[in-house]
Amino acid sequence: MREIRTVIYYYSATGNSLYVARELQQAINGVEIRSIVQAIQEDKPEAKADCVGFVFPMHYFGLPLQVEEFLHKLTILESPYIFAIATCGVPYWGRPFVDAAKILQEKNQQLQAAWYVRLVSNYIPWRDIAADWQIAVRAWLAERKLKKIASAIGTREQHETWQLLRKFCAGYHDKWKARQQEIAENFQCDKEVCTSCGLCERICPKGNILRPQGQPIWQQDCVECLGCLHICPTEAINYGEQTKGRKRYRHQLVKPADLLQR
Ligand SMILES: Cc1cc2nc3c(=O)[nH]c(=O)nc-3n(C[C@H](O)[C@H](O)[C@H](O)COP(=O)(O)O)c2cc1C
Ligand code: SF4
Ligand code: SF4
């Protein structure tokens, strides 16, 4: 059996973080990438490798809720080199690495390196997807940065990422967490446009979408990844009024099928 030297756990709704995990897999020998959504369903997920990485999107200046949950649940055997990468849509500021380091510390593990990679913001309730030229420039910069990150991981470099306005970010992130129950109420489906293809149900990392009559009905367990909104091929799904007329997004090197959870 092939020896697994590096395991990268990823979480991705629109492909940015999956793209990053795959780029590192290409650049580093002996990398296995695993989906956090799949791994979190195991009774006792365990990581046994020389190097363990986590790649995830920034959600409200912090960790996505399921990534936080997974970090708590995962057992990391021995003392591997551990790194984390947050993909973000706006210039980086937040606290995901402070939180990840704290959870790892409780397990007597240490986060040795953390980086952010800016790609495209999929948070269209706030503002529309970036222009094509901006996407292209960021893709070029990200590719260059990932080469440096891969080489730093290869040499087990320690790398700290600054955490600006920690308290402000913590407050904002906590407020977001507190209103999780209300989030599902913002989703709506245009029945005239929905073709009952089922992709929204299949991408949902929480199994939060039911389709008794073909169209999606959101339950109360949404983590606001926005996977359903972006994957809908007919743009039938909206989040409040703000997303109407705004573009949908998926990383150009990731296929919809790669993001489905079921
Ligand atoms: C609920 C939510 C909150 C977000 N908050 C931030 C944020 O605080 N900072 C940021 O740079 N991007 C934020 N984004 C944008 C994503 O982090 C970014 O688009 C990421 O690369 C998406 O990764 P994915 O395609 O792997 O899901 C947010 C996205 C969502 C859905
Ligand atoms: S992805 Fe869109 S078209 Fe397909 S079932 Fe969901 S809402 Fe309908
Ligand atoms: S309902 Fe949509 S936004 Fe909420 S967790 Fe599922 S896919 Fe993500």
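Start by selecting Lys 244 and Glu 241. These two form a salt bridge, and their closest N and O atoms are 3.2 Å apart. Keep in mind that this is a predicted model. Lys 244 is partly exposed, at 41% relative accessible area. Glu 241 counts as exposed, at 55%. The cut-off for exposed is over 50%, so Glu 241 passes it.

**Stop 1: a salt-bridge network**

How many salt bridges does the structure hold? There are 10. Next, select Arg 95, Asp 99 and Asp 174. Salt bridges with shared partners join these three residues into one network.

Zoom in on Asp 174 and Arg 95. Their side chains meet in a salt bridge of 3.2 Å, N to O. Now trace the chain from each end. Asp 174 sits in helix α6, while Arg 95 sits in the loop between β6 (81-88) and α4, so the bridge ties together parts that are 79 residues apart in sequence.

Is Arg 95 buried or exposed? Arg 95 is buried, with a relative accessible area of 10%. Asp 174 counts as partly exposed, at 38%.

**Stop 2: two helices side by side**

Select helix α3, residues 65-73, and helix α4, residues 96-106. They pack with their axes 9 Å apart, at an angle of about 20°. Angles under 35 degrees count as roughly parallel. The two helices are therefore roughly parallel to each other. The crossing of α3 and α4 is right-handed.

**Stop 3: a nonpolar patch**

Select Trp 162, Leu 164, Leu 165, Phe 168 and Tyr 172. Together they make a nonpolar surface patch of about 520 Å².

Pick out Leu 164 from this group. Where does Leu 164 lie? Look in the loop between α5 (132-154) and α6 (166-178). Leu 164 is partly exposed, with a relative accessible area of 44%.

**Stop 4: from Ser 17 to Glu 32**

Move to helix α1, residues 16-27, and select Ser 17 there. Ser 17 counts as buried, at 2% relative accessibility. Now draw a distance line from Ser 17 to Glu 32. Their C-alpha atoms are separated by 15 Å, and the residues are 15 apart along the chain.

Stay on Glu 32 and show its side chain. Which residue does Glu 32 form a salt bridge with? The partner is Arg 34, and the closest N and O atoms are 2.6 Å apart. Glu 32 is partly exposed, at 23% relative accessible area. Arg 34 also counts as partly exposed, at 24%.

**Stop 5: two positive phi angles**

Select Ser 196. You will find Ser 196 in the loop between β8 (187-189) and α8 (199-203). Check its backbone angles. Phi of Ser 196 is near 60°, which is a positive value in a residue other than glycine. Ser 196 is partly exposed, with a relative accessible area of 33%.

Now select Glu 224, in the loop between β10 (217-218) and α9 (227-231). Phi of Glu 224 is near 55°, again positive in a residue other than glycine. Is Glu 224 buried or exposed? Glu 224 is buried, with a relative accessible area of 3%.

**Stop 6: two buried loop residues**

Select Leu 119. Its place is the loop between β7 (113-118) and α5. Leu 119 counts as buried, at 2% relative accessibility. Draw a line from Leu 119 to Ile 231. These residues are 112 apart in sequence, and their C-alpha atoms are 18 Å apart in space.

Last, select Gln 215, in the loop between β9 (209-210) and β10. At 17% relative accessibility, Gln 215 counts as buried. Buried means under 20%, so Gln 215 falls within that class.

Note on methods: Residues are numbered from 1 along each chain as its sequence is written. Chains are lettered from A and ligands numbered from 1 in the order in which they are written. This is a predicted model: local features need pLDDT of at least 70, side-chain atom pairs count only at pLDDT 80 or more; totals for chains, interfaces and linings use all residues. Side-chain values use heavy atoms; hydrogens and water are left out. Patches are made of residues with over 30% relative accessible area and no salt bridge: like charges are joined within 9 Å, nonpolar side chains (Val, Leu, Ile, Met, Phe, Trp, Tyr) within 5 Å. Accessible areas come from the Shrake-Rupley method with a 1.4 Å probe; for residues, only the protein chains shown count as cover. A salt bridge is a side-chain nitrogen of Lys or Arg within 4 Å of a carboxyl oxygen of Asp or Glu. Helices (H or I, at least four residues) and strands (E, at least two) are DSSP runs, numbered from the N terminus. Buried means under 20% relative accessible area, exposed over 50%, partly exposed in between (1.4 Å probe, protein chains only). Axes are lines fitted to C-alpha atoms, for helices over the stretch in contact, and angles run from 0 to 180 degrees between N-to-C directions. Angles under 35 degrees count as roughly parallel, over 145 as roughly antiparallel, 65 to 115 as roughly perpendicular and the rest as oblique. A crossing is left-handed if the near helix is turned anticlockwise from the far one by less than a right angle, and right-handed if clockwise.
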